[in-house]
Amino acid sequence: MPNRPSAGDESTLLRWMRLEIGRINDGVVAERKRLSRLLSEEHPSSVTKGGSRYDFDRDVLLRLEQATPGELQRRLRLPILFYFDSTVPDSFFLADEAAVQALQNLREISPLRRMQSGRLWIAKPLVYAIMNRYPTVVQIMMG
């Protein structure tokens with residue numbers, strides 16, 4: 001077949017990578033809910049991009065509730081999403097001001113840290129530690 005694209009063709013490679021990244025992101029929550037809404041649910045949950053049920057740990061939600069003022073509880077959408085950018089291999093970024101404020105209230109990141117150009121970069125080891133302390137309310141999204 002003379003018009004068949006080669007495996008090394010950049011557009012073919014990019015399409016394949018987008019497909020794989022989509023599969024990786026299937027486990028990420030599609031509809032992020034406010035903390036206040038999740039706390040009102042008997043079984044706090046949402047649905048992933050892949051269509052599966054995603055359950056939140058109520059004890060972790062209650063810890064967040066204690067650390068965040070009411071106004072922030074109404075703005076904070078969960079899970080908190082950290083984004084992967086392949087051009088910055090040692091960090092993830094947050095793009096949600098309410099998430100930054102919540103993590104500052106939890107003393108996970110310094111209150112002196114500020115978002116720049118809509119992002120706050122955080123080292124991967126710190127992100128993994130946060131994920132371990134607050135299971136189900138933090139996810140990583142591939143870009």
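Biologist: Before we start, what should I know about the model and its numbering?

Modeller: This is a predicted model, where local features need pLDDT of at least 70 and side-chain atom pairs count only at pLDDT 80 or more, while totals for chains, interfaces and linings use all residues. Residues are numbered from 1 along each chain as its sequence is written, and side-chain values use heavy atoms, with hydrogens and water left out.

Biologist: Thanks! How many helices and strands are in the chain, and what makes a stretch count as one?

Modeller: The chain has six helices and eight strands. From the N terminus, the order reads α-β-α-β-β-α-α-β-β-β-α-β-α-β.

Biologist: Why is S91 called buried?

Modeller: Buried means under 20% relative accessible area, exposed means over 50%, and partly exposed lies in between (1.4 Å probe, protein chains only). S91 has 11% relative accessibility, so S91 counts as buried. Of the 143 residues of the chain, 37% count as buried.

Biologist: What about F56 and L62, buried or partly exposed?

Modeller: F56, with 7% relative accessibility, counts as buried. L62, at 34%, counts as partly exposed. F56 sits in the loop between β3 (53–55) and α3, whereas L62 belongs to helix α3.

Biologist: Which residues is F56 in contact with, and what makes that a contact?

Modeller: Contact means heavy atoms within 4.5 Å. Leaving aside neighbours within four places in sequence, F56 is in contact with residues including L38, L61, L78 and V137. F56 and V137 are 81 residues apart in sequence, yet their C-alpha atoms are 6.7 Å apart in space. Across the chain, among contacts between residues at least 6 apart in sequence, 55% join residues at least 24 apart.

Biologist: Back to S91: what makes its link to D90 a polar contact?

Modeller: A polar contact is a pair of N or O atoms within 3.5 Å; within protein, one must be able to donate a hydrogen and the other to accept it, and residues adjacent in sequence count only if both atoms are side-chain atoms. The side chains of S91 and D90 are joined at 3.4 Å, so the pair falls within the 3.5 Å limit. S91 itself lies in strand β6 (residues 91–94).

Biologist: How do you know that β5 and β6 pair?

Modeller: Two strands pair if DSSP finds at least two bridges between them. Strand β5 (residues 80–84) and β6 have three bridges, in the antiparallel sense, so they meet that rule. Among the partners, Y83 is bridged to F93 in β6, and F84 stands opposite F92. A hairpin of six residues joins β5 to β6.

Biologist: And how do β5 and β8 run, parallel or antiparallel?

Modeller: β5 and β8 run parallel, joined by five bridges. Here F82 stands opposite I140 in β8.

Biologist: Which strands stand at the edges of the sheet, and why?

Modeller: Four strands form an open sheet in the order β7-β6-β5-β8, with mixed pairing. β7 (120–123) and β8 (138–142) stand at the edges because each has a single partner strand, so one side of each is left without a neighbour in the sheet. The twist averages 35° from one strand to the next.

Biologist: Where does helix α6 lie?

Modeller: Helix α6 (residues 124–133) lies across β5, β6, β7 and β8, at about 85° to β7. Axes are lines fitted to C-alpha atoms, for helices over the stretch in contact, and angles run from 0 to 180 degrees between N-to-C directions.

Biologist: What makes a set of residues a nonpolar core?

Modeller: The set must be buried Ala, Val, Leu, Ile, Met, Phe, Trp, Tyr and Cys residues joined through side-chain atoms within 4.5 Å. The largest such core has 31 residues, and those with the most contacts inside it are L78, I80, F82 and V137. Its largest share, five residues, comes from α5.

Biologist: Which residues of α5 are buried, and what covers them?

Modeller: In α5, the buried residues are A98, A99, V100, A102, L103 and Q104. Their cover includes α4 (70–75), β5, β6, β7 and α6.

Note on methods:
Helix = DSSP H or I, 4+ residues; strand = E, 2+ residues; numbered from the N terminus.
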